[in-house]
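My entries follow the model shown here.

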Amino acid sequence: MSLPLVGLVLLVTSELAAAKLEPSVSYQQIEYQLCAKQRVTKALLFDVVDVGVYYADCKQAADIFDDEPKLLRFSYLRDVTGDQFTEGADDFLRDNLAQQEKDQCLTYFNEFNTVYKDVSDGDYYDLFVLPEQGLDLYLNNQQLAQSDNSGCALPYLNIWFGEESMDSDFEEL
């Protein structure tokens with residue numbers, strides 16, 4: 001095995017080890033179970049993030065836009081800037097929301113999206129989507145934002161699961 005290939009194998013192995021998609025996560029006295037996961041890769045070569053979808057009961061999960069409380073965990077495998085999150089989220093929400101959702105939620109989303117921070121390999125965002133309450137966003141277990149706008153909780157998922165998505169890998173969830 002050549003030296004560059006050994007380095008690539010070690011890099012891939014270390015990235016796999018850094019993912020933090022635990023089998024369960026506790027939040028507000030509810031134990032969320034990992035129901036689906038997907039690795040998002042760019043240019044068929046660069047692993048960017050492992051995404052996990054968690055529900056209290058995986059059998060109750062109809063689809064990502066259902067009315068069940070859920071957690072999306074984004075466990076990063078490389079550096080991504082906060083500005084990249086903010087710009088991408090703003091763009092995909094504008095592209096994917098219906099006009100009524102834009103009128104109701106876009107101003108709120110623009111403010112919510114300003115809290116994203118730079119991340120590195122091993123960092124993870126937890127987005128709790130609570131259709132009866134709103135959204136809670138954490139970075140490495142530290143709360144960054146909370147919203148009580150329940151009417152905008154599910155439309156926020158259009159960033160990843162709308163018609164225009166950040167990556168086709170999200171379709172696998």
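The model is predicted, with local features taken at pLDDT of at least 70, side-chain atom pairs counted only at pLDDT 80 or more, and totals for chains, interfaces and linings using all residues. Residues are numbered from 1 along each chain as its sequence is written, and side-chain values use heavy atoms, without hydrogens and water.

I noted that strand β2 (residues 30-42) pairs with β3 in the antiparallel sense over nine bridges; pairing requires at least two DSSP bridges between two strands. Helices (H or I, at least four residues) and strands (E, at least two) are DSSP runs, numbered from the N terminus. I then found β3 antiparallel to β4 (residues 70-76) over seven bridges, with Leu72 of β4 as the bridge partner of Val53.

I recorded that nine of the ten residues of β3 (residues 46-55) are buried, so the strand is largely enclosed by the rest of the structure. Buried means under 20% relative accessible area (1.4 Å probe, protein chains only).

I turned to Asp90, which is placed in helix α2 (residues 82-96). Asp90 is buried yet has no salt bridge, and Arg94, the nearest side chain of opposite charge, is 5.0 Å away. A salt bridge needs a side-chain nitrogen of Lys or Arg within 4 Å of a carboxyl oxygen of Asp or Glu. Leaving aside neighbours within four places in sequence, I found Asp90 in contact (heavy atoms within 4.5 Å) with Phe109, Asn110 and Asn113.

Methods
Buried < 20%, exposed > 50% of the residue type's maximum accessible area, 1.4 Å probe, protein only. Lys, Arg positive; Asp, Glu negative; His and termini not counted.
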